[in-house]
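Q: I would like to learn how to read a fold from its coordinates, moving from the whole chain down to a single residue. Could we work through one example together?

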Amino acid sequence: MLLTSAQKKTLNKVYPSVQKIVELSHLSGAEILMTIMDSKPAMADAIFLDAKLQSNLKEISNYAETAGLCLAISKYKYIVNSPQGIFKEVAISDSHPGKIILALAPTKDKARKGADYYHAKMIDGRFGYKFGKLMGYPECCLKFGTYLNNQDSNPDNFGFKNPAIESLKRSNHFDWHLNVFTISLLPHYPCSFTCAKSIKYVERLLMYMDYVNKEQSSFLKDYLKTPISLYWTCADRILLYGDLKRTSLTTGEVKYNKIEPMLNSNTFYQEVDKNKFAEWHKVEGALKEGNRLVVTDKKCSVYKGRECLLNINKANKYVPDLV
Ligand SMILES: [Zn+2]
């Protein structure tokens with residue numbers, strides 16, 4: 001894959017606006033870039049609405065226009081629960097903290113649909129397919145998305161099945177481009193960690209990034225390739241730097257020299273299961289003290305040399321994973 005001169009021209013022109021939109025909205029710069037470059041038809045995400053975002057909306061819309069995109073905003077605000085992941089909608093003027101949906105697309109109609117379909121899928125998971133189709137997700141991953149719907153309302157299923165872990169169950173190994181366990185460059189969850197269409201998407205994105213921001217592109221590639229992840233949910237993981245001795249795709253032993261906690265459920269969601277969150281922080285504390293982590297199907301143990309600092313039983317053999 002090589003950039004054409006027309007693509008280079010567009011990238012030069014739009015990239016400053018992309019950076020401004022990211023700064024003002026906290027939307028994903030990768031997705032904005034892919035939407036502008038016509039590598040995906042539209043994008044939408046739910047963003048925490050604070051006074052700053054409220055006052056930035058007009059400016060976000062202006063920068064989007066400069067980059068050839070239209071902005072649409074949801075008509076409601078949403079309170080998101082964890083671990084259920086269920087959206088409760090309230091009026092935008094409601095005083096409870098919550099998220100709003102921002103959608104960007106080359107036409108007004110598509111952007112409006114982006115915000116509306118996102119709303120529909122969060123209220124009822126069966127709309128996920130329609131939303132994903134509009135966002136340009138690969139058909140194989142869309143089918144996988146439908147499978148993720150949590151029809152039986154199991155409260156441990158996060159509103160839907162834990163997508164990264166369901167992907168893992170379907171994979172024999174994984175390609176570094178699709179490493180959603182560190183920082184994902186994909187807007188969707190891949191049907192497996194060797195999904196060819198998803199790999200192509202990331203390759204294309206990295207090609208654009210290499211051209212507009214080589215430094216950030218190397219930084220992203222490093223994240224995809226280097227750290228080992230102790231993974232609970234899309235908002236909660238602890239990255240470890242060191243040597244991984246794998247026993248299965250989801251378990252193993254790691255001798256590490258540095259950790260990078262990313263436990264964000266408390267800010268990602270408006271309501272959090274405090275017991276789970278406290279346990280993850282306990283693991284974080286032990287990891288800071290220790291230098292070796294062993295994850296089996298049943299247990300998660302932290303050691304300092306031979307001394308065991310923490311031993312917790314896993315409720316499910318897949319949570320947490322060591323990847
Ligand atoms: Zn796929």
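Predicted model: local features only at pLDDT ≥ 70, side-chain atom pairs only at ≥ 80, totals over all residues.

A: Residues are numbered from 1 along each chain as its sequence is written.

Q: How many helices and strands are in the chain?
A: Helices (H or I, at least four residues) and strands (E, at least two) are DSSP runs, numbered from the N terminus. The chain has eleven helices and twelve strands.

Q: What radius of gyration does the chain have, against that of a compact globule?
A: The radius is taken over C-alpha atoms, and the globule rule is 2.2 Å times the number of residues to the power 0.38. For 323 residues the rule gives a value near 20 Å, and the chain, at 20 Å, agrees with it. Along the principal axes, the C-alpha atoms fill a box of roughly 60 × 45 × 35 Å.

Q: What span should helix α4 have, and which of its residues are buried?
A: The expected span is 1.5 Å times one less than the number of residues. With 16 residues (108–123), α4 should therefore span 22 Å, and its end C-alpha atoms, 23 Å apart, agree with that. A residue is buried if 20 or more other C-beta atoms, placed from the backbone, lie within 10 Å of its own. Buried residues in α4 include K110, A111, Y117, Y118 and M122.

Q: What is the order of strands in the open sheet of seven?
A: Strands of a sheet pair through backbone hydrogen bonds, either parallel or antiparallel; here two strands count as paired if DSSP finds at least two bridges between them. The order is β11-β10-β9-β8-β7-β6-β12, with antiparallel pairing, and the edge strands, β11 (307–313) and β12 (321–322), each pair on one side only. Within this sheet, β8 (residues 252–263) and β9 (residues 292–295) pair over four bridges, and V254 has L293 in β9 as its bridge partner.

Q: Is W232 buried or exposed?
A: W232, which lies in strand β6 (residues 228–233), counts as buried because it has 23 C-beta neighbours inside 10 Å. Contact requires C-beta atoms, placed from the backbone, within 7 Å; leaving aside residues up to four places away in sequence, W232 touches R237, W280, V319 and P320. By contrast, the C-alpha atoms of W232 and K214, 18 residues apart along the chain, are separated by 31 Å.

Definitions and conventions: Buried ≥ 20, exposed ≤ 12 C-beta atoms within 10 Å, placed from the backbone. Contact = placed C-beta atoms within 7 Å.
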